[in-house]
Amino acid sequence: MVVSKPEKVEGSSRNRTIVVGGAQLGPIQRADGRGDIVKRMISLLDEAKERGCELVVFPELALTTFFPRWNYDDAAEVDQWFEREIPSAETQPLFDRAAEHGVSISFGFAELTASGEHFNTSILTDDSGAIVGRYRKVHLPGHDKFDPQRSFQHLEKKYFLPGDLGFPVTRTPKGILGMCICNDRRWPETFRVMALKGVEMVVLGYNTPSANSQNPEEKVDLRMFHHQLVLQAAAYQNSIWVVAVAKAGVEDGHGLIGGSVIVNPEGEIVAQTSTEEDELMVHACNLDDTLFGKQSQFDFARHRRIEHYGLITAQTGVIEPPDGSS
Ligand code: CDT
């Protein structure tokens, strides 16, 4: 029997493979200085260059401990964790090394703008170290004031404003890249909005506690399952690459999951870390692998039925049907 080859997908003659490094960071303690963290990031960047990486992705809030677990009321104490400029004197060496290697980087940090606004931000550079993309976290988890009921705090809603840039994507010489940050990955809208702009790879960093501060019964295995589930679903449902990178390990007694992964457009995990330390995972990601899904099952223009999606943007919470309706 002759099995016919699948039709060649449009655009597949170009080589659009990006060798991506996911540079997981181990824990950062409150007492650790930014200079030491930048040295750790540069060491991962050097390894990434040796292993052929063209893009290296670091975690959310890569320059500091995950400070929203601590309750501060003094503005100066809060602001110690924020960057007033990027690159800064302390982070310039990272940008310089990236430029020297000709490698693009993406990393997260707490951003304090000139007008005094606080955001949970990530940036993307080109291979000369110039910033070509900026994203400010939209879905801020947790709560906005000290909560004595929780076993530890998650005060992102106290310290950050919701991102004001939407979900931008950046056209790079290889393809269209987007960013999101940690909790954003649990919301399908995050990826769909970027996919509607043609995104081919979404990179993200995360700090995910190993425990649920409101449910001591919830085990780390379930938390890891949810983490992988949302990434694999997002990759498959949008036919995109997803690169997700942890800050992992025990920070001042508080555990963060590892489990950094690269997921292909079929939703399969193709690379992952195995420790909760500084660790690099590498995969050659062909952006043309997105084409088949984008031209078949997830050809949005042919199959989406937007006339039925209005509620997605019209309301946030649930409104149930009235009693007695069928
Ligand atoms: N950093 C971050 O967004 N962490 C969240 C934990 C939410 S628990 C209040 C996450 O989704 O992993």
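This is a predicted model: local features need pLDDT of at least 70, side-chain atom pairs count only at pLDDT 80 or more; totals for chains, interfaces and linings use all residues.

1. Residues are numbered from 1 along each chain as its sequence is written, and side-chain values use heavy atoms, with hydrogens and water left out.

2. Rings of Phe, Tyr and Trp (its six-membered ring) pair if their centres lie within 6.5 Å; planes under 30 degrees apart are stacked, over 60 edge-to-face and the rest tilted. The count by this rule is 10 aromatic pairs. F67 and W81 are stacked because their ring centres are 5.8 Å apart and their planes meet at 5 degrees. This pair joins distant parts of the chain, 14 residues apart: F67 is in the loop between strand 2 (55-57) and helix 2 (75-79), and W81 in the loop between helix 2 and helix 3 (92-101). Helices (H or I, at least four residues) and strands (E, at least two) are DSSP runs, numbered from the N terminus.

3. Buried here means under 20% relative accessible area, with a 1.4 Å probe and protein chains only. F67 is buried at 0%, and W81 is buried at 6%.

4. Y135 and F167 are also stacked, 5.7 Å centre to centre with 20 degrees between the planes. Both residues are buried.

5. One aromatic cluster is formed by F67, Y72, W81, F82, Y159 and F160.

6. A charge sits over a ring if NZ of Lys or CZ of Arg is within 6 Å of the ring centre and within 35 degrees of the ring normal. R30 lies over the face of W70, 3.6 Å from the ring centre.

Conventions
Buried means under 20% relative accessible area, exposed over 50%, partly exposed in between (1.4 Å probe, protein chains only).
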